[in-house]
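Welcome! Open your viewer and get ready to select residues one stop at a time.

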Amino acid sequence: MRVLVVTAVPAERDAVTRAFGPEVRDVDVVAAGVGPAAAAAGTATALALASATRPYGLAISTGIGGGFAQVAPLASLVVADAIVAADLGAETPDGYLPVTALGFGTVEHVPPATLVRAVADATGAVTGTVLTVSTVTGSAARAAELRARHAYAAAEAMEGFGVAEAAARHGVPVLEIRAVSNAVGPRDRAAWRIGQALEALTGAFGKLVPVLRGWDGNDR
């Protein structure tokens, strides 16, 4: 099975690529840009350009992200069992409404459950909802609001939903894996652990090749 791995920036791409030896020829890693629009565009382009004889069987959104401290501490790994667009909707006098409540669109993609479990077991990751946001959380109030709306949220990032939307259009299953570089909440750059998170990302993908090759795709 050929796998497309989509990161946001070159540092994430390089962290993933370091995990693979020269014998790994069925995984392509790209840095598509920051945010859901760039992620969707990059993923859609790669999937569309894949040859008919060598199509992708899985798209993976990955990189560093913020973790909800109760679930995912610094340098830990999260595998999404749901990929949710957390701010795709409308503000109303009664509070936030997701786009689905307005009568159109979708706000959630669900990765294959068997694959999620296998990846979590192989890497020691926790599973939970990974939120896609266009604006990174920077306050305790916003973090609490997200947790109130998404009880199973484990992490937030900026690209997963974009990758998932593009993959869905092409009929390709999707997975999201995040290494936690900071806590969701007030922005304290001194507390960030980007280097450790990138190392965790490399370690995770070093354990994934046998899992991906063993997955039969029946629960997509």
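Start with I60, L175 and F205, which have the most contacts inside the largest nonpolar core, a set of 31 residues. Such a core is made of buried Ala, Val, Leu, Ile, Met, Phe, Trp, Tyr and Cys residues joined through side-chain atoms within 4.5 Å; buried means under 20% relative accessible area (1.4 Å probe, protein chains only). Helix α6 gives this core its largest share, six residues. Another core, of 25 residues, lies apart from it and includes A39, A46, V99 and V180.

A word on what you are viewing: this is a predicted model, where local features need pLDDT of at least 70 and side-chain atom pairs count only at pLDDT 80 or more, while totals for chains, interfaces and linings use all residues. Residues are numbered from 1 along each chain as its sequence is written, and side-chain values use heavy atoms, leaving out hydrogens and water.

Now select F20 together with F205. How far apart are the ring centres of F20 and F205? They are 6.3 Å apart with planes at 85°, so the pair is edge-to-face (centres within 6.5 Å, planes over 60 degrees apart). F20 lies in the loop between α1 (10-17) and β2 (27-31) and F205 in helix α6 (residues 194-206), so the pair ties together parts 185 residues apart in sequence. Helices (H or I, at least four residues) and strands (E, at least two) are DSSP runs, numbered from the N terminus. Both F20 and F205 are buried.

Finally, go to T43 in helix α2 (residues 36-49). T43 is buried, at 0% relative accessibility.

Methods
Phe/Tyr/Trp six-rings, centres within 6.5 Å; stacked < 30°, edge-to-face > 60°. Buried < 20%, exposed > 50% of the residue type's maximum accessible area, 1.4 Å probe, protein only.
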